[in-house]
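Here are my notes on the model you sent. Please read them with the structure open.

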Amino acid sequence: MAERFGIHMRGGVITERDADYCTVRVRIPAGNISIDQVRGIATLAKRYGCGTVHITTRQTIEIPHVKPTDLPKIGRRLAKNGTPLGSERDEVVNIIACPGTERCKYANIDTISLATKIDGKLFGREMPVKMRISLSGCPNACTSPMLNEIGIIGRIEPLRIPGMCTGCGTCVKYCKENAIVIKNGVSVLDPAKCVQCGVCIQSCPFHLLQSKHQHYLIVVGGRRGRHPQVGRTLMMVENEEQAVQAVERIVQWVYRRAWSGRLLSEQLDDLHFDEFRKSIAEEFSTGTGSQTPG
Ligand code: SF4
Ligand code: SF4
Ligand code: SF4
């Protein structure tokens with residue numbers, strides 16, 4: 001009985017409209033799951049649910065229509081399946097990510113690797129507010145990182161090898177931001193227009209555009225829902241390790257300072273976000289990597 005009560009109180013178990021049933025949400029960082037794990041979840045849904053599963057917006061799977069008395073068995077079997085109970089309360093919930101460099105030709109960072117590392121350190125941590133974390137491999141932002149409590153976007157800054165540009169204009173055609181023009185026979189970039197997507201780097205037929213750094217742009221305090229809000233830029237870091245550390249620092253800051261009962265986006269000013277931004281920038285000694293072609 002105690003075990004049954006305990007598991008029912010955990011995030012990942014959602015009471016349904018018909019309160020005699022609940023839905024079980026699974027933990028699947030970055031939405032990556034093996035075929036065998038899919039089979040394991042299917043078996044449980046058939047046996048303990050209603051024979052269907054639901055794919056959520058946070059890249060997890062839910063098993064609907066489960067009897068609360070079956071929760072301990074399902075919890076144990078999900079853990080054995082490598083897809084343990086998820087979370088949906090005021091805690092760090094399922095980390096979502098686009099395919100990143102593993103599959104997408106536009107990606108600038110390995111989102112799956114980063115999501116897995118963040119999940120390993122922070123998933124399920126109880127918080128005063130819900131913490132949704134979303135990663136996108138490039139500024140196309142397919143997983144809407146700007147609309148999550150923490151968003152990470154992979155960026156790459158083009159650098160032209162001096163003296164080699166032929167002025168062919170290929171990179172100009174590929175840049176959707178109209179950030180490159182040909183002047184005096186060479187490409188010149190306008191940093192104010194460039195979103196650091198890195199597409200021009202791949203477009204140059206002579207491989208004359210390169211980048212020294214990949215960047216992880218980190219935004220905080222976005223939200224979806226009734227009153228969507230774009231998150232505020234916190235900082236840029238230059239490697240995966242720093243990105244993990246930065247997310248840990250943000251979570252720690254929110255844990256210590258935020259009030260419960262309000263979305264993070266609503267209390268950023270009360271939490272003195274600008275001061276936090278300054279202090280974390282000093283801590284990481286980050287720059288924005290302003291080398292540009294031209
Ligand atoms: S955000 Fe960029 S890298 Fe990720 S899937 Fe979309 S286009 Fe590809
Ligand atoms: S990296 Fe900048 S200049 Fe290059 S294609 Fe993207 S927006 Fe244009
Ligand atoms: S940087 Fe490459 S693609 Fe762009 S104009 Fe020069 S040679 Fe052409």
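1. Which residues come nearest to ligand 3? They are C165, C168, T170, C171 and C204, out of 13 residues around ligand 3. A residue is near a molecule if its C-beta atom, placed from the backbone, lies within 6 Å of it. By class, the shell around ligand 3 has seven nonpolar, five polar and one charged residues. Ala, Val, Leu, Ile, Met, Phe, Trp, Tyr, Cys and Pro count as nonpolar; Asp, Glu, Lys and Arg count as charged; the others, Gly among them, count as polar.

2. Ground rules. This is a predicted model: local features need pLDDT of at least 70, side-chain atom pairs count only at pLDDT 80 or more, and totals for chains, interfaces and linings use all residues. Residues are numbered from 1 along each chain as its sequence is written, while chains are lettered from A and ligands numbered from 1 in the order in which they are written.

3. Confidence. The pLDDT is the predictor's confidence in each residue, from 0 to 100. The protein chain averages 92, and 94% of the residues score at least 70. Over residues 1–5 the pLDDT is below 50, and this stretch has five contacts in the model beyond near neighbours in sequence. Residues 287–294 also have a pLDDT below 50; their contacts beyond near neighbours in sequence number 19. Two residues are in contact if their C-beta atoms, placed from the backbone, lie within 7 Å. Where pLDDT is low, the predicted coordinates should not be read in detail.

4. Overall layout. The protein chain has nine helices and 13 strands. Helices (H or I, at least four residues) and strands (E, at least two) are DSSP runs, numbered from the N terminus. Along its principal axes the C-alpha trace spans about 80 × 45 × 30 Å. Of the 294 residues, 40% count as buried. Buried means that 20 or more other C-beta atoms lie within 10 Å of the residue's own; exposed means 12 or fewer, and partly exposed is in between, with C-beta atoms placed from the backbone. Among contacts between residues at least 6 apart in sequence, 67% join residues at least 24 apart.

5. The other two ligands. Ligand 2 has 14 residues around it, and C175, A179, C194, C197 and C200 come nearest. The shell of ligand 2 holds 11 nonpolar, two polar and one charged residues. Around ligand 1 are C98, P99, G100, C104, Y106, A107, S136, G137, C138, N140, A141 and C142. That shell has eight nonpolar, four polar and no charged residues.

6. The five-stranded sheet. This open sheet runs β5-β6-β7-β12-β13, with mixed pairing. β5 (96–97) and β13 (232–237) stand at the edges, each with a single partner strand, so one side of each is left without a neighbour in the sheet. Two strands pair if DSSP finds at least two bridges between them. Two bridges join β5 to β6 (residues 133–136) in parallel, with A97 opposite L135. Four bridges join β6 to β7, also parallel, and there L135 has I152 as its bridge partner. β7 and β12 (residues 214–220) are antiparallel over seven bridges, with I150 opposite V220.

7. Why is β7 largely enclosed by the rest of the structure? Seven of the seven residues of β7 (residues 150–156) are buried, so the strand is largely enclosed. I150, I152, G154 and I156 point one way, and G151, I153 and R155 the other.

8. The four-stranded sheet. This open sheet has the order β1-β2-β4-β3, with antiparallel pairing. Its edge strands are β1 (13–15) and β3 (54–55), each pairing on one side only. Three bridges join β2 (residues 22–25) to β4 (residues 61–66), and R25 is partnered by E62.

9. The hairpin. β9 (residues 180–183) and β10 (residues 186–189) pair in the antiparallel sense over four bridges. I180 has L189 as its bridge partner. Two residues lie between the strands, and N184 in the turn has a positive phi of about 50 degrees.

10. A246 and its contacts. A246 lies in helix α7 (residues 240–257). A246 is buried, with 23 other C-beta atoms within 10 Å. Not counting residues up to four places away in sequence, A246 touches I218, M235, V237, I280 and F284.
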